[in-house]
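This briefing goes through one protein structure by topic. Please look at the sequence and the model before reading the points.

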Amino acid sequence: MPKNLTLVVYKPDSQSTDEYMVYVDPVQYSKWKDGDTSIPIVDIVDSYSVYHTGQGTQGIQKTPSKQQLDTIFGTHKDVDVVEYILKNGRTQHGDLDVNAYFNSSGKGMQGLNVARGSGVVDSRGKGLHGI
């Protein structure tokens, strides 16, 4: 069964493709956003991990550097950055089939880039011939 995800996305400039995002529990976030400040942020966010993409929401999500966070948010403290994104971001909903991405042991990723084949890497050197 797919897990329901809500992504809260903050875009510092409307002309930029830079976006900062956190994953949240949609029910708790909705209550918190509507004014129920009794809900602790730790119950809202999936983790205090902030992700960044320079290609819009569909780009590759990476962890931003402390310098990037300081420049955009004035701090690199994860608690402050997450709270800022929750207050000023917009929500984006989607479904993720967790089993399609994680193997049964929960370790490692599978199936993320099917175009690359079975995941077997040819590490044999080709030498100088064929160049």
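Two strands pair if DSSP finds at least two bridges between them. Helices (H or I, at least four residues) and strands (E, at least two) are DSSP runs, numbered from the N terminus. In β3, Y20 has H52 as its bridge partner.

The model is predicted: local features need pLDDT of at least 70, side-chain atom pairs count only at pLDDT 80 or more, and totals for chains, interfaces and linings use all residues. Residues are numbered from 1 along each chain as its sequence is written, and side-chain values use heavy atoms, with hydrogens and water left out.

**Strands β2 and β3**

- β2 and β3 run antiparallel and are joined by three bridges.
- Five of the six residues of β2 are buried, so the strand is mostly covered (buried means under 20% relative accessible area, exposed over 50%, partly exposed in between, with a 1.4 Å probe and protein chains only).
- H52 belongs to strand β3, residues 51-53, and is buried at 11% relative accessibility.
- The side chain of H52 makes a polar contact with the side chain of D18, at 3.2 Å. A polar contact is a pair of N or O atoms within 3.5 Å; within protein, one must be able to donate a hydrogen and the other to accept it, and residues adjacent in sequence count only if both atoms are side-chain atoms.
- Contact means heavy atoms within 4.5 Å. Leaving aside neighbours within four places in sequence, H52 is in contact with residues including D18, E19, Y20 and Q68.
- Y51 also lies in β3, but is partly exposed, at 23% relative accessibility.
- Y51 and E19 are 32 residues apart in sequence, and their C-alpha atoms are 8.2 Å apart in space. E19 is among the residues that Y51 touches, not counting residues up to four places away in sequence.

**The largest nonpolar core**

- A nonpolar core is a set of buried Ala, Val, Leu, Ile, Met, Phe, Trp, Tyr and Cys residues joined through side-chain atoms within 4.5 Å.
- The largest one has 18 residues, of which V22, V24, V50, I85 and L86 touch the most other members.
- At least two residues each come from β1 (3-10), β2 (19-24), α1 (26-33), α2 (41-44), α3 (66-73) and α4 (78-88). The largest share, four residues, is supplied by α4.
- V50 touches residues including V22, L69, V81, V82 and I85, not counting residues up to four places away in sequence.
- In soluble globular proteins, nonpolar side chains tend to be buried together.

**Helix α4**

- Which residues of α4 are buried? They are V81, V82, I85 and L86. Seen down the axis of α4, these buried residues fall within an arc of 135 degrees, so they line one face of the helix. The arc is that of the directions from the helix axis to the C-beta atoms.

**Salt bridges**

- A salt bridge is a side-chain nitrogen of Lys or Arg within 4 Å of a carboxyl oxygen of Asp or Glu. By this rule there are two.
- E19 pairs with R90, their closest N and O atoms being 3.3 Å apart. E19 lies in β2 and R90 in β4 (residues 90-96), so the pair ties together parts that are 71 residues apart in sequence.
- E19 is buried, with a relative accessible area of 4%, whereas R90 is partly exposed, at 42%.
- K87 pairs with E83, the closest N and O atoms being 3.1 Å apart. Both lie in α4, four residues apart, about one turn of the helix.
- K87 is partly exposed at 49% relative accessibility, and E83 is partly exposed with a relative accessible area of 26%.
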